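Here is a short briefing to read alongside your structure. Have the viewer open as you go through the points below.

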Amino acid sequence: MSVTSANRLELLQIADAVAREKMIDPILVIEAMEDSLGKAARSRYGAEYDIRAKIDRRSGELFMTRHRAVVEEPENHFTELSLADARVIKSDAEIGDDITDALPPMDFGRIAAQSAKQVIMQKVREAERERQYEEFKDRVGEIINGLVKRTEYGNVIVDVGRGEAILRRDQLIQREAFRNGDRVRALIRDVRLETRGPQIFLSRTAPEFLAELFKMEVPEIYDGVIEIKAVARDPGSRAKMGVISYDNSIDPVGACVGMRGSRVQAVVGELQGEKIDIIPWNQDPATFLVNALQPAEVSKVVFDEDSERIEVVVPDEQLSLAIGRRGQNVRLASQLTGFDIDILTEAQESERRQAEFAERTQLFMETMNVDEMVAHLLVAEGFATLEEIAYVDIDELLSIDGFDQSTAEELQARARESLDEINAKAIERARELGVEQSLFDFEGLTPQMIEALAEDGIKTLEDFATCADWELAGGYTTVDGKRVKDTGLLEKFDMSLEEAQTLVMNARVLLGWVSAEELAAAAAEDEEEAPAEDAVEGTAEDTEEERA
(Lines give C-alpha, C1' and ligand atoms only; values in the text may rest on other atoms or scores of the structure.)
Protein backbone atom coordinates (compact mmCIF):
# COMPACT_ATOMS: atom_id res chain seq x y z
CA MET A 1 0.00 0.00 0.00
CA SER A 2 1.61 3.24 -1.13
CA VAL A 3 0.26 6.68 -0.22
CA THR A 4 0.77 8.88 -3.28
CA SER A 5 -0.73 12.13 -4.49
CA ALA A 6 -3.13 10.13 -6.67
CA ASN A 7 -4.93 8.63 -3.71
CA ARG A 8 -4.55 11.34 -1.09
CA LEU A 9 -8.17 12.44 -1.43
CA GLU A 10 -9.19 8.79 -1.40
CA LEU A 11 -8.28 8.58 2.32
CA LEU A 12 -10.74 11.37 3.10
CA GLN A 13 -13.40 9.75 0.89
CA ILE A 14 -12.96 6.40 2.63
CA ALA A 15 -13.16 8.08 6.05
CA ASP A 16 -16.34 9.91 5.05
CA ALA A 17 -17.95 6.74 3.66
CA VAL A 18 -17.15 4.70 6.78
CA ALA A 19 -18.43 7.52 9.03
CA ARG A 20 -21.75 7.69 7.15
CA GLU A 21 -22.18 3.92 7.22
CA LYS A 22 -21.46 3.62 10.94
CA MET A 23 -23.08 6.98 11.79
CA ILE A 24 -20.04 8.30 13.62
CA ASP A 25 -17.87 11.43 13.33
CA PRO A 26 -15.53 11.36 10.26
CA ILE A 27 -12.76 12.85 12.43
CA LEU A 28 -12.84 9.67 14.55
CA VAL A 29 -12.29 7.58 11.42
CA ILE A 30 -9.35 9.78 10.30
CA GLU A 31 -7.79 9.52 13.77
CA ALA A 32 -8.18 5.73 13.57
CA MET A 33 -6.41 5.79 10.19
CA GLU A 34 -3.58 7.87 11.66
CA ASP A 35 -3.14 5.39 14.52
CA SER A 36 -3.15 2.46 12.11
CA LEU A 37 -0.65 4.06 9.70
CA GLY A 38 1.62 4.94 12.64
CA LYS A 39 1.52 1.33 13.79
CA ALA A 40 2.31 0.11 10.27
CA ALA A 41 5.28 2.49 10.06
CA ARG A 42 6.64 1.26 13.40
CA SER A 43 6.48 -2.31 12.12
CA ARG A 44 8.67 -1.14 9.20
CA TYR A 45 11.17 1.12 10.98
CA GLY A 46 11.13 -0.57 14.38
CA ALA A 47 8.58 -0.90 17.17
CA GLU A 48 10.89 0.98 19.56
CA TYR A 49 10.46 4.28 17.70
CA ASP A 50 7.72 6.79 18.45
CA ILE A 51 6.43 7.25 14.92
CA ARG A 52 3.22 9.13 14.28
CA ALA A 53 1.10 9.66 11.20
CA LYS A 54 -0.86 12.82 10.41
CA ILE A 55 -3.44 13.19 7.63
CA ASP A 56 -4.21 16.69 6.45
CA ARG A 57 -7.95 17.20 6.93
CA ARG A 58 -8.23 19.26 3.70
CA SER A 59 -5.85 17.72 1.19
CA GLY A 60 -5.60 14.19 2.52
CA GLU A 61 -1.80 14.39 2.42
CA LEU A 62 -0.02 12.00 4.78
CA PHE A 63 2.88 13.13 6.97
CA MET A 64 5.09 10.69 8.90
CA THR A 65 7.21 11.97 11.78
CA ARG A 66 9.51 10.48 14.39
CA HIS A 67 9.28 12.02 17.88
CA ARG A 68 11.98 12.19 20.55
CA ALA A 69 11.88 13.92 23.93
CA VAL A 70 14.76 16.13 25.12
CA VAL A 71 16.06 14.91 28.53
CA GLU A 72 19.20 15.45 30.60
CA GLU A 73 20.33 11.81 30.55
CA PRO A 74 18.75 9.71 27.80
CA GLU A 75 17.91 6.14 28.80
CA ASN A 76 16.04 5.10 25.68
CA HIS A 77 17.84 6.39 22.59
CA PHE A 78 14.92 5.46 20.37
CA THR A 79 12.57 7.98 22.00
CA GLU A 80 14.94 10.31 23.91
CA LEU A 81 18.01 12.45 23.16
CA SER A 82 20.30 14.73 25.11
CA LEU A 83 20.11 18.51 25.11
CA ALA A 84 23.43 18.74 23.17
CA ASP A 85 22.21 16.41 20.42
CA ALA A 86 18.88 18.21 20.30
CA ARG A 87 20.56 21.58 19.77
CA VAL A 88 22.39 20.19 16.74
CA ILE A 89 18.95 19.70 15.19
CA LYS A 90 17.25 22.69 16.80
CA SER A 91 19.47 25.47 18.17
CA ASP A 92 16.98 26.75 20.79
CA ALA A 93 15.95 23.32 22.10
CA GLU A 94 15.30 23.01 25.84
CA ILE A 95 14.72 20.16 28.28
CA GLY A 96 11.20 18.81 27.79
CA ASP A 97 10.94 19.80 24.11
CA ASP A 98 9.70 17.35 21.50
CA ILE A 99 12.07 16.96 18.51
CA THR A 100 10.38 15.72 15.35
CA ASP A 101 12.02 14.31 12.24
CA ALA A 102 10.07 14.03 9.00
CA LEU A 103 10.15 10.57 7.43
CA PRO A 104 10.09 9.94 3.68
CA PRO A 105 7.04 8.40 1.97
CA MET A 106 6.99 4.64 2.28
CA ASP A 107 5.31 1.64 0.78
CA PHE A 108 3.34 -0.54 3.17
CA GLY A 109 3.61 -4.29 2.72
CA ARG A 110 0.67 -6.63 2.78
CA ILE A 111 1.10 -7.53 6.46
CA ALA A 112 1.46 -3.90 7.48
CA ALA A 113 -1.63 -2.97 5.47
CA GLN A 114 -3.60 -5.78 7.08
CA SER A 115 -2.48 -4.62 10.53
CA ALA A 116 -3.50 -1.05 9.69
CA LYS A 117 -6.93 -2.27 8.60
CA GLN A 118 -7.44 -4.14 11.91
CA VAL A 119 -6.55 -1.03 13.90
CA ILE A 120 -8.98 1.07 11.86
CA MET A 121 -11.79 -1.44 12.32
CA GLN A 122 -11.12 -1.67 16.07
CA LYS A 123 -11.21 2.10 16.48
CA VAL A 124 -14.36 2.36 14.37
CA ARG A 125 -16.06 -0.33 16.48
CA GLU A 126 -15.14 1.51 19.68
CA ALA A 127 -16.51 4.78 18.28
CA GLU A 128 -19.67 3.00 17.16
CA ARG A 129 -20.19 1.50 20.64
CA GLU A 130 -19.68 4.89 22.27
CA ARG A 131 -22.19 6.42 19.87
CA GLN A 132 -24.76 3.70 20.64
CA TYR A 133 -24.30 4.13 24.39
CA GLU A 134 -24.67 7.92 24.20
CA GLU A 135 -27.82 7.50 22.09
CA PHE A 136 -29.60 5.00 24.34
CA LYS A 137 -28.35 5.81 27.86
CA ASP A 138 -30.90 8.62 28.31
CA ARG A 139 -33.78 6.56 26.91
CA VAL A 140 -34.14 4.16 29.84
CA GLY A 141 -37.85 3.84 30.65
CA GLU A 142 -38.97 4.44 27.06
CA ILE A 143 -40.82 1.98 24.85
CA ILE A 144 -38.95 1.03 21.70
CA ASN A 145 -39.98 -0.91 18.59
CA GLY A 146 -37.64 -3.36 16.91
CA LEU A 147 -37.31 -6.43 14.72
CA VAL A 148 -36.34 -9.85 16.01
CA LYS A 149 -32.93 -10.79 14.53
CA ARG A 150 -32.36 -14.14 16.23
CA THR A 151 -32.95 -16.17 19.38
CA GLU A 152 -30.09 -17.39 21.57
CA TYR A 153 -30.82 -19.81 24.42
CA GLY A 154 -34.29 -18.37 24.84
CA ASN A 155 -33.05 -14.76 24.79
CA VAL A 156 -34.36 -12.63 21.93
CA ILE A 157 -31.89 -10.37 20.09
CA VAL A 158 -33.72 -7.31 18.75
CA ASP A 159 -32.59 -4.91 16.03
CA VAL A 160 -33.45 -1.44 17.31
CA GLY A 161 -32.16 0.49 14.29
CA ARG A 162 -28.77 1.79 15.40
CA GLY A 163 -27.83 -1.18 17.50
CA GLU A 164 -28.89 -4.47 18.98
CA ALA A 165 -30.78 -5.02 22.23
CA ILE A 166 -31.41 -8.16 24.24
CA LEU A 167 -34.78 -9.29 25.57
CA ARG A 168 -33.90 -11.91 28.16
CA ARG A 169 -35.99 -15.01 28.62
CA ASP A 170 -37.12 -13.93 32.11
CA GLN A 171 -38.29 -10.57 30.69
CA LEU A 172 -40.66 -12.24 28.22
CA ILE A 173 -44.34 -12.75 29.02
CA GLN A 174 -45.19 -16.40 29.72
CA ARG A 175 -45.81 -18.57 26.67
CA GLU A 176 -44.67 -15.71 24.45
CA ALA A 177 -42.62 -16.74 21.40
CA PHE A 178 -41.04 -14.63 18.66
CA ARG A 179 -39.70 -15.64 15.24
CA ASN A 180 -37.05 -13.94 13.15
CA GLY A 181 -38.47 -10.84 11.49
CA ASP A 182 -41.31 -10.36 14.00
CA ARG A 183 -41.91 -6.85 15.23
CA VAL A 184 -41.57 -6.48 18.99
CA ARG A 185 -42.36 -3.65 21.38
CA ALA A 186 -40.55 -3.50 24.73
CA LEU A 187 -39.34 -1.17 27.47
CA ILE A 188 -35.68 -0.11 27.64
CA ARG A 189 -34.91 -1.39 31.16
CA ASP A 190 -31.17 -0.70 31.36
CA VAL A 191 -28.23 0.44 29.23
CA ARG A 192 -24.70 -0.49 30.31
CA LEU A 193 -21.34 0.15 28.63
CA GLU A 194 -19.45 -3.13 28.86
CA THR A 195 -16.17 -4.32 27.36
CA ARG A 196 -17.91 -5.93 24.41
CA GLY A 197 -19.96 -2.82 23.74
CA PRO A 198 -23.13 -1.17 25.03
CA GLN A 199 -25.65 -3.69 26.30
CA ILE A 200 -29.26 -2.57 25.88
CA PHE A 201 -31.61 -4.64 28.05
CA LEU A 202 -35.31 -4.75 27.20
CA SER A 203 -38.30 -5.93 29.20
CA ARG A 204 -41.92 -6.81 28.54
CA THR A 205 -42.65 -7.90 32.13
CA ALA A 206 -41.69 -4.69 33.98
CA PRO A 207 -44.55 -2.74 35.62
CA GLU A 208 -43.22 0.38 33.88
CA PHE A 209 -43.95 -1.26 30.50
CA LEU A 210 -47.67 -1.41 31.30
CA ALA A 211 -47.61 2.20 32.54
CA GLU A 212 -45.90 3.41 29.35
CA LEU A 213 -48.41 1.52 27.18
CA PHE A 214 -51.26 3.31 28.93
CA LYS A 215 -49.45 6.62 28.46
CA MET A 216 -49.46 5.93 24.71
CA GLU A 217 -53.15 4.96 24.66
CA VAL A 218 -54.60 7.52 27.09
CA PRO A 219 -53.99 11.19 26.16
CA GLU A 220 -54.96 12.33 29.69
CA ILE A 221 -52.04 10.36 31.14
CA TYR A 222 -49.65 11.75 28.54
CA ASP A 223 -50.83 15.29 29.33
CA GLY A 224 -50.46 14.77 33.09
CA VAL A 225 -54.15 15.19 33.91
CA ILE A 226 -54.22 11.56 35.10
CA GLU A 227 -51.26 10.00 36.88
CA ILE A 228 -50.41 6.34 37.32
CA LYS A 229 -49.38 6.11 40.99
CA ALA A 230 -48.61 2.39 41.29
CA VAL A 231 -48.51 -0.76 39.16
CA ALA A 232 -48.25 -4.42 40.15
CA ARG A 233 -48.07 -7.23 37.60
CA ASP A 234 -48.20 -10.98 37.31
CA PRO A 235 -46.98 -10.85 33.67
CA GLY A 236 -49.33 -12.50 31.19
CA SER A 237 -51.97 -13.22 33.83
CA ARG A 238 -53.17 -10.22 35.82
CA ALA A 239 -52.19 -6.66 36.76
CA LYS A 240 -53.43 -3.93 39.08
CA MET A 241 -52.88 -0.23 38.43
CA GLY A 242 -53.66 2.68 40.76
CA VAL A 243 -54.60 5.96 39.04
CA ILE A 244 -55.56 9.46 40.20
CA SER A 245 -57.13 12.38 38.33
CA TYR A 246 -56.13 16.00 38.94
CA ASP A 247 -59.30 17.20 37.22
CA ASN A 248 -62.56 16.62 39.11
CA SER A 249 -64.48 16.41 35.84
CA ILE A 250 -62.45 13.42 34.60
CA ASP A 251 -62.96 9.92 35.95
CA PRO A 252 -59.47 8.32 35.97
CA VAL A 253 -60.76 4.75 35.75
CA GLY A 254 -63.22 5.51 32.94
CA ALA A 255 -60.60 7.45 30.96
CA CYS A 256 -58.18 4.50 31.14
CA VAL A 257 -60.87 2.00 30.16
CA GLY A 258 -62.03 4.09 27.20
CA MET A 259 -65.17 3.92 25.11
CA ARG A 260 -66.44 0.33 25.29
CA GLY A 261 -63.06 -0.66 26.72
CA SER A 262 -61.13 0.36 23.60
CA ARG A 263 -58.13 1.81 25.42
CA VAL A 264 -57.63 -0.94 27.96
CA GLN A 265 -58.21 -3.62 25.31
CA ALA A 266 -55.39 -2.18 23.20
CA VAL A 267 -53.02 -2.65 26.16
CA VAL A 268 -54.44 -6.10 26.97
CA GLY A 269 -53.82 -7.16 23.37
CA GLU A 270 -50.17 -6.08 23.55
CA LEU A 271 -49.73 -7.99 26.84
CA GLN A 272 -51.05 -11.30 25.51
CA GLY A 273 -54.45 -11.07 27.20
CA GLU A 274 -53.23 -9.96 30.65
CA LYS A 275 -56.27 -8.92 32.72
CA ILE A 276 -55.91 -5.40 34.15
CA ASP A 277 -57.70 -4.03 37.22
CA ILE A 278 -57.73 -0.22 37.17
CA ILE A 279 -58.14 1.12 40.70
CA PRO A 280 -58.71 4.69 41.96
CA TRP A 281 -55.68 5.68 44.03
CA ASN A 282 -56.22 7.11 47.51
CA GLN A 283 -53.75 8.79 49.85
CA ASP A 284 -55.17 6.81 52.78
CA PRO A 285 -53.47 3.37 52.73
CA ALA A 286 -56.50 1.57 54.19
CA THR A 287 -58.91 3.03 51.62
CA PHE A 288 -56.50 2.30 48.77
CA LEU A 289 -56.13 -1.28 49.99
CA VAL A 290 -59.89 -1.80 50.05
CA ASN A 291 -59.95 -0.64 46.43
CA ALA A 292 -56.94 -2.80 45.54
CA LEU A 293 -58.57 -5.98 46.86
CA GLN A 294 -61.51 -5.64 44.49
CA PRO A 295 -63.62 -7.53 43.52
CA ALA A 296 -63.57 -8.86 47.12
CA GLU A 297 -65.53 -6.99 49.79
CA VAL A 298 -63.68 -5.88 52.95
CA SER A 299 -65.34 -5.66 56.38
CA LYS A 300 -62.52 -4.10 58.40
CA VAL A 301 -58.92 -2.93 57.99
CA VAL A 302 -56.38 -2.72 60.82
CA PHE A 303 -53.25 -0.76 59.88
CA ASP A 304 -49.93 -1.30 61.75
CA GLU A 305 -47.58 1.50 60.70
CA ASP A 306 -44.57 0.25 62.73
CA SER A 307 -44.37 -3.13 60.99
CA GLU A 308 -45.88 -1.88 57.71
CA ARG A 309 -48.52 -4.58 57.83
CA ILE A 310 -52.24 -4.41 57.17
CA GLU A 311 -54.75 -6.85 58.58
CA VAL A 312 -57.87 -7.25 56.47
CA VAL A 313 -61.09 -8.84 57.67
CA VAL A 314 -63.46 -10.17 54.99
CA PRO A 315 -66.78 -12.03 55.12
CA ASP A 316 -66.33 -15.81 55.25
CA GLU A 317 -67.71 -16.31 51.73
CA GLN A 318 -65.33 -13.64 50.34
CA LEU A 319 -62.08 -15.26 51.56
CA SER A 320 -61.24 -17.20 48.39
CA LEU A 321 -62.07 -14.17 46.24
CA ALA A 322 -59.86 -11.88 48.33
CA ILE A 323 -56.93 -14.29 48.23
CA GLY A 324 -57.39 -15.08 44.55
CA ARG A 325 -56.12 -18.00 42.54
CA ARG A 326 -52.82 -19.16 44.06
CA GLY A 327 -52.83 -16.01 46.19
CA GLN A 328 -52.64 -13.76 43.14
CA ASN A 329 -55.16 -11.12 44.21
CA VAL A 330 -53.71 -10.47 47.66
CA ARG A 331 -50.14 -10.68 46.32
CA LEU A 332 -50.78 -8.01 43.69
CA ALA A 333 -52.62 -5.83 46.23
CA SER A 334 -49.61 -6.13 48.54
CA GLN A 335 -47.20 -5.11 45.75
CA LEU A 336 -49.47 -2.23 44.77
CA THR A 337 -49.78 -0.78 48.28
CA GLY A 338 -46.29 -1.70 49.54
CA PHE A 339 -47.67 -3.35 52.69
CA ASP A 340 -47.76 -6.95 53.88
CA ILE A 341 -51.36 -8.08 54.07
CA ASP A 342 -52.87 -10.63 56.43
CA ILE A 343 -56.38 -11.75 55.50
CA LEU A 344 -58.78 -13.10 58.11
CA THR A 345 -62.42 -14.09 57.91
CA GLU A 346 -64.92 -12.48 60.24
CA ALA A 347 -65.19 -15.79 62.12
CA GLN A 348 -61.38 -16.03 62.57
CA GLU A 349 -61.18 -12.42 63.71
CA SER A 350 -64.04 -12.89 66.16
CA GLU A 351 -62.43 -16.05 67.54
CA ARG A 352 -59.11 -14.25 68.00
CA ARG A 353 -60.73 -11.28 69.73
CA GLN A 354 -62.55 -13.62 72.08
CA ALA A 355 -59.28 -15.42 72.88
CA GLU A 356 -57.51 -12.11 73.57
CA PHE A 357 -60.43 -10.94 75.70
CA ALA A 358 -60.37 -14.14 77.75
CA GLU A 359 -56.57 -14.00 78.12
CA ARG A 360 -56.60 -10.42 79.43
CA THR A 361 -59.56 -11.13 81.69
CA GLN A 362 -57.70 -14.07 83.21
CA LEU A 363 -54.57 -11.93 83.65
CA PHE A 364 -56.43 -9.28 85.66
CA MET A 365 -58.27 -11.88 87.74
CA GLU A 366 -55.06 -13.66 88.72
CA THR A 367 -52.76 -10.67 89.27
CA MET A 368 -55.22 -8.22 90.86
CA ASN A 369 -57.48 -10.72 92.67
CA VAL A 370 -60.69 -9.27 91.18
CA ASP A 371 -63.85 -11.09 90.14
CA GLU A 372 -64.68 -11.89 86.53
CA MET A 373 -67.14 -9.05 86.08
CA VAL A 374 -64.63 -6.36 87.09
CA ALA A 375 -61.99 -7.92 84.84
CA HIS A 376 -64.51 -7.97 81.97
CA LEU A 377 -65.25 -4.29 82.45
CA LEU A 378 -61.54 -3.37 82.41
CA VAL A 379 -60.86 -5.34 79.22
CA ALA A 380 -64.00 -4.00 77.54
CA GLU A 381 -62.75 -0.43 78.20
CA GLY A 382 -59.50 -1.22 76.35
CA PHE A 383 -57.09 -1.94 79.24
CA ALA A 384 -54.58 -4.59 78.16
CA THR A 385 -51.74 -4.51 80.73
CA LEU A 386 -51.21 -3.96 84.44
CA GLU A 387 -49.08 -0.89 83.68
CA GLU A 388 -52.03 0.78 81.97
CA ILE A 389 -54.23 0.30 85.03
CA ALA A 390 -51.53 1.19 87.56
CA TYR A 391 -50.41 4.46 86.02
CA VAL A 392 -53.43 5.70 84.03
CA ASP A 393 -55.16 8.90 85.13
CA ILE A 394 -57.70 7.83 87.74
CA ASP A 395 -60.46 9.74 85.90
CA GLU A 396 -60.34 7.09 83.15
CA LEU A 397 -61.17 4.41 85.68
CA LEU A 398 -63.90 6.58 87.21
CA SER A 399 -65.52 6.90 83.78
CA ILE A 400 -66.35 3.17 83.84
CA ASP A 401 -69.93 2.51 84.94
CA GLY A 402 -70.07 1.19 88.51
CA PHE A 403 -66.57 2.34 89.51
CA ASP A 404 -66.35 4.92 92.31
CA GLN A 405 -63.30 6.69 93.80
CA SER A 406 -62.48 3.96 96.31
CA THR A 407 -62.84 1.18 93.70
CA ALA A 408 -60.55 2.98 91.23
CA GLU A 409 -57.92 3.65 93.91
CA GLU A 410 -58.09 0.05 95.11
CA LEU A 411 -57.63 -1.26 91.54
CA GLN A 412 -54.60 0.95 90.97
CA ALA A 413 -53.11 -0.08 94.33
CA ARG A 414 -53.58 -3.78 93.50
CA ALA A 415 -52.10 -3.30 90.00
CA ARG A 416 -49.02 -1.54 91.39
CA GLU A 417 -48.59 -4.16 94.10
CA SER A 418 -48.79 -6.93 91.52
CA LEU A 419 -46.28 -5.14 89.32
CA ASP A 420 -43.90 -4.79 92.25
CA GLU A 421 -44.10 -8.54 92.88
CA ILE A 422 -43.54 -9.36 89.21
CA ASN A 423 -40.59 -6.96 89.02
CA ALA A 424 -39.07 -8.38 92.21
CA LYS A 425 -39.27 -11.92 90.78
CA ALA A 426 -37.79 -10.68 87.48
CA ILE A 427 -34.85 -9.05 89.30
CA GLU A 428 -34.25 -12.19 91.35
CA ARG A 429 -34.34 -14.36 88.23
CA ALA A 430 -32.02 -11.99 86.35
CA ARG A 431 -29.48 -12.05 89.20
CA GLU A 432 -29.60 -15.86 89.20
CA LEU A 433 -28.76 -15.75 85.48
CA GLY A 434 -25.72 -13.57 86.20
CA VAL A 435 -26.84 -10.09 85.14
CA GLU A 436 -24.35 -7.41 86.19
CA GLN A 437 -25.36 -4.28 88.10
CA SER A 438 -24.46 -2.06 85.10
CA LEU A 439 -27.50 -3.39 83.24
CA PHE A 440 -29.80 -2.85 86.26
CA ASP A 441 -28.56 0.75 86.57
CA PHE A 442 -29.15 1.51 82.89
CA GLU A 443 -32.14 3.81 82.49
CA GLY A 444 -34.88 2.67 80.11
CA LEU A 445 -34.99 -1.07 80.84
CA THR A 446 -37.61 -2.53 83.18
CA PRO A 447 -36.83 -5.58 85.36
CA GLN A 448 -38.96 -7.75 83.08
CA MET A 449 -37.01 -6.53 80.06
CA ILE A 450 -33.71 -7.30 81.81
CA GLU A 451 -34.97 -10.80 82.63
CA ALA A 452 -35.90 -11.39 78.96
CA LEU A 453 -32.44 -10.16 77.85
CA ALA A 454 -30.68 -12.36 80.42
CA GLU A 455 -32.52 -15.45 79.22
CA ASP A 456 -30.98 -14.77 75.80
CA GLY A 457 -27.45 -14.36 77.22
CA ILE A 458 -27.34 -10.54 77.39
CA LYS A 459 -26.07 -9.91 80.94
CA THR A 460 -23.89 -6.79 80.79
CA LEU A 461 -24.20 -3.27 79.45
CA GLU A 462 -21.50 -4.17 76.90
CA ASP A 463 -23.63 -7.09 75.67
CA PHE A 464 -26.63 -4.78 75.32
CA ALA A 465 -24.61 -2.12 73.44
CA THR A 466 -23.68 -4.64 70.75
CA CYS A 467 -27.34 -5.41 69.95
CA ALA A 468 -28.99 -4.18 66.78
CA ASP A 469 -32.27 -2.31 67.05
CA TRP A 470 -34.15 -5.03 65.12
CA GLU A 471 -32.81 -7.71 67.50
CA LEU A 472 -34.60 -5.92 70.33
CA ALA A 473 -37.75 -4.59 68.64
CA GLY A 474 -38.15 -7.21 65.91
CA GLY A 475 -38.60 -6.64 62.21
CA TYR A 476 -38.88 -8.24 58.83
CA THR A 477 -36.27 -9.63 56.42
CA THR A 478 -36.77 -10.69 52.81
CA VAL A 479 -35.94 -14.34 52.10
CA ASP A 480 -36.47 -15.69 48.56
CA GLY A 481 -38.70 -12.71 47.77
CA LYS A 482 -40.89 -13.22 50.86
CA ARG A 483 -40.92 -11.10 54.02
CA VAL A 484 -40.10 -13.20 57.08
CA LYS A 485 -40.82 -12.07 60.65
CA ASP A 486 -37.89 -11.71 63.08
CA THR A 487 -39.16 -11.75 66.66
CA GLY A 488 -37.39 -9.17 68.86
CA LEU A 489 -36.19 -9.92 72.40
CA LEU A 490 -38.23 -6.99 73.76
CA GLU A 491 -41.00 -6.99 71.17
CA LYS A 492 -43.57 -8.30 73.66
CA PHE A 493 -43.07 -5.06 75.61
CA ASP A 494 -44.25 -3.04 72.57
CA MET A 495 -40.79 -1.57 71.96
CA SER A 496 -40.44 0.27 68.64
CA LEU A 497 -37.35 0.34 66.44
CA GLU A 498 -36.76 4.01 67.29
CA GLU A 499 -36.91 3.31 71.03
CA ALA A 500 -34.56 0.34 70.66
CA GLN A 501 -32.08 2.39 68.64
CA THR A 502 -32.12 5.19 71.23
CA LEU A 503 -31.46 2.76 74.09
CA VAL A 504 -28.57 1.06 72.28
CA MET A 505 -26.94 4.37 71.35
CA ASN A 506 -27.29 5.66 74.93
CA ALA A 507 -25.56 2.50 76.16
CA ARG A 508 -22.71 3.07 73.72
CA VAL A 509 -22.33 6.66 74.95
CA LEU A 510 -22.15 5.49 78.59
CA LEU A 511 -19.47 2.98 77.64
CA GLY A 512 -17.49 5.64 75.76
CA TRP A 513 -17.78 3.88 72.41
CA VAL A 514 -19.21 7.05 70.89
CA SER A 515 -19.33 10.58 72.27
CA ALA A 516 -22.49 12.51 73.05
CA GLU A 517 -21.40 15.09 70.47
CA GLU A 518 -21.14 12.45 67.75
CA LEU A 519 -24.55 11.11 68.72
CA ALA A 520 -26.07 14.59 68.58
CA ALA A 521 -24.41 15.28 65.21
CA ALA A 522 -25.78 12.02 63.77
CA ALA A 523 -29.26 12.85 65.08
CA ALA A 524 -29.04 16.33 63.55
CA GLU A 525 -28.07 14.84 60.17
CA ASP A 526 -31.03 12.47 60.32
CA GLU A 527 -33.35 15.38 61.11
CA GLU A 528 -31.97 17.38 58.18
CA GLU A 529 -32.41 14.50 55.75
CA ALA A 530 -35.89 13.56 56.98
CA PRO A 531 -37.51 16.98 56.37
CA ALA A 532 -35.94 17.09 52.90
CA GLU A 533 -37.51 13.74 52.04
CA ASP A 534 -40.81 14.75 53.65
CA ALA A 535 -40.73 18.01 51.70
CA VAL A 536 -40.38 16.14 48.41
CA GLU A 537 -43.20 13.75 49.29
CA GLY A 538 -45.29 16.56 50.74
CA THR A 539 -44.82 18.68 47.63
CA ALA A 540 -46.08 15.87 45.46
CA GLU A 541 -49.03 15.23 47.73
CA ASP A 542 -49.83 18.93 48.09
CA THR A 543 -49.72 19.31 44.33
CA GLU A 544 -52.13 16.42 43.96
CA GLU A 545 -54.53 18.00 46.45
CA GLU A 546 -54.25 21.42 44.82
CA ARG A 547 -54.89 20.02 41.36
CA ALA A 548 -57.76 17.92 42.63
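Strand β13 pairs with strand β14 (residues 309-314) in the antiparallel sense, over 5 bridges; strands count as paired if DSSP finds at least two bridges between them. Strands (E, at least two residues) and helices (H or I, at least four) are DSSP runs, numbered from the N terminus. The model is predicted, so local features need pLDDT of at least 70 and side-chain atom pairs count only at pLDDT 80 or more, while totals for chains, interfaces and linings use all residues. Residues are numbered from 1 along each chain as its sequence is written, and side-chain values use heavy atoms, with hydrogens and water left out.

**The sheet with β13**
- This open sheet of 3 strands runs in the order β13-β14-β15, with mixed pairing.
- β13 (300-304) and β15 (340-345) are the edge strands; each has a single partner strand, so one side of each lacks a neighbour in the sheet.
- Neighbouring strands here are turned by 20° against each other on average, direction ignored.
- If you look for F303, its bridge partner in β14 is I310.
- Helix α9 (residues 285-292) lies across β13, β14 and β15, at about 130° to β13. Axes are lines fitted to C-alpha atoms, for helices over the stretch in contact, and angles run from 0 to 180 degrees between N-to-C directions.

**The sheet with β10**
- Another open sheet of 3 strands has the order β10-β11-β12, again with mixed pairing.
- Its edge strands, β10 (226-234) and β12 (275-280), each pair on one side only.
- β10 joins strand β11 (residues 238-245) in the antiparallel sense over 8 bridges, and R233 has A239 as its bridge partner in β11.
- Helix α5 (residues 207-217) packs on this sheet and touches β10, β11 and β12, where contact means heavy atoms within 4.5 Å. The direction of α5 makes about 140° with that of β10.

**The α12 and α13 pair**
- Helix α12 (residues 346-368) and helix α13 (residues 372-380) pack at about 125°, their axes 9 Å apart.
- The contact involves F357, R360, T361, F364, M365 and M368 of α12, with E372, A375, H376, L378, V379 and A380 of α13.

**Q171 in its loop**
- Q171 sits in the loop between β7 (164-167) and β8 (183-194).
- With a relative accessible area of 17%, Q171 is buried (under 20%; exposed is over 50%, partly exposed in between; 1.4 Å probe, protein chains only).
- Leaving out residues up to four places away in sequence, Q171 touches R189, L202, S203, R204 and T205.
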